[in-house]
Amino acid sequence: MSTAIEIPYNSTERPDTGLYNAKLGVWLFLASEVMLFGALFSTYVLLRTGADTWEHGAEFLNVPLATINTMVLIFSSVTMVMSWASLKMKNFGKYKLYMGLTFLCGVAFLVIKSFEYAAKFEHHLLPSTSTFMALYFTMTGLHGLHVIGGMIVNGYLWGPGSKMWQTDPERFTNRVEVAGLYWHFVDLVWIFLFPTLYLLPGK
Amino acid sequence: MSDTHHEDVHRHVKTYIRVFVALAVGTIITVLASNFHLGIILGIIVALIIATVKGSLVAAFFMHLSAERKPIYWVLVLTATFVVAMVGLIMFARRDQQGRQQGIFAVPAKHVPVHHAETPEGAHKE
């Protein structure tokens, strides 16, 4: 008695928006993410301008490690977009390679970040140490959670989720594209977090 | 980007590599510039300009915003409006408060509880 109901506009575009549904949905989600990180960045501005003194992050944060992490995330953005391009070119093998690399870049980012965190804890630099450290842990911690979230999605699309390539390749390609939008956003946030926390001069 | 053709993708791949190189160079420039002791204001301006350029490259090419449908742009315009309103209102409130007192989180005198330097003897005894 069960009838399969097909959800429309998974692979084709809606005539009114010109977009498939997932793309508009993910962009709306990213809009809410902009507000979330926007609130944190404005908190940084507010607390910094209201403080009499402010730490120079480079004096006690590890700039070389953070620079490597920036490169890792930028590289992962390229591999992510290449995984989508590989599917567009009907090359599933290359897709697996690039998506796998993207996942590994996420792992590398978190491992490097954990080294940084461990060093801070060792030197008793905790969120309670100063306003700067509270902001550092809040902003990088939330960003780290976003990296983990992206890795879960990417891992699924690399592994069990990739079976869809056999049954509905266009829909699968779209899934990879919107997962990519999120991953690039996480990279974009880091591009602003890195100079804000590690490089801006103190006062 | 939904109607991207096979040959277009080949062209895009070359662009992605160029953007990657630009982002890597931008990162190195940001780190080097921070060692130049440009002063607080100039240091912040330089760092944020480079970050904005890098962020724009990611958004334009990796997120395909350079060739996207109109509804996406409207979503972003709306988001930008709300971000500007949020930051703007906070900064206006801060300036307003600063005009009357020193320090952003200074509590008005009438709300400050009076602390006695010395507790009268026997005050804590039951």
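How many residues does the contact take from chain B and from chain A? In this predicted model, chain B contributes 39 residues and chain A contributes 40 residues to the contact. On the side of chain B that touches chain A, at least two residues come from each of the helices α1 (6–34), α2 (40–62) and α3 (70–100) of chain B. The greatest share of that side is given by α1(B), with 12 residues. Classified by residue type, the side of chain B that touches chain A comprises 25 nonpolar, 11 polar and three charged residues.

The largest nonpolar core contains 59 residues, and the members that touch the most others are V81(A), F185(A), V186(A) and W190(A). Both chains take part in this core: α1 (21–50), α2, α3, α4 and α6 of chain A, as well as α1 and α2 of chain B, each supply at least two of its residues. The largest contribution comes from α6(A), with 17 residues. When residues up to four places away in sequence are not counted, V81(A) touches G180(A) of its own chain and also Y16(B) and F62(B) of chain B.

Helix α3 of chain A, spanning residues 92–122, has 31 residues. The distance from its first C-alpha to its last is 45 Å, close to the 45 Å expected at 1.5 Å a residue. Buried positions in α3(A) are Y95(A), Y98(A), M99(A), T102(A), F103(A), C105(A), G106(A) and F109(A). The elements that cover these buried residues of α3(A) include α2 (63–88), α4 (131–158) and α6 (169–199) of chain A. Just after the helix, H124(A) adopts a positive phi of about 55°.

Helix α3 of chain A also holds E116(A). This residue, E116(A), is classed as partly exposed because 16 other C-beta atoms lie within 10 Å, whereas a buried residue would need 20 or more and an exposed one 12 or fewer. With neighbours within four places in sequence left aside, the residues in contact with E116(A) are N62(A) and L65(A).

Technical notes
Residues numbered from 1 in each chain as written. Chains lettered and ligands numbered in written order. Predicted model: local features only at pLDDT ≥ 70, side-chain atom pairs only at ≥ 80, totals over all residues. Contact = placed C-beta atoms within 7 Å. Helix = DSSP H or I, 4+ residues; strand = E, 2+ residues; numbered from the N terminus. Nonpolar A, V, L, I, M, F, W, Y, C, P; charged D, E, K, R; others polar. Expected span 1.5 Å × (residues − 1). Core = buried A, V, L, I, M, F, W, Y, C linked by C-beta atoms within 7 Å.
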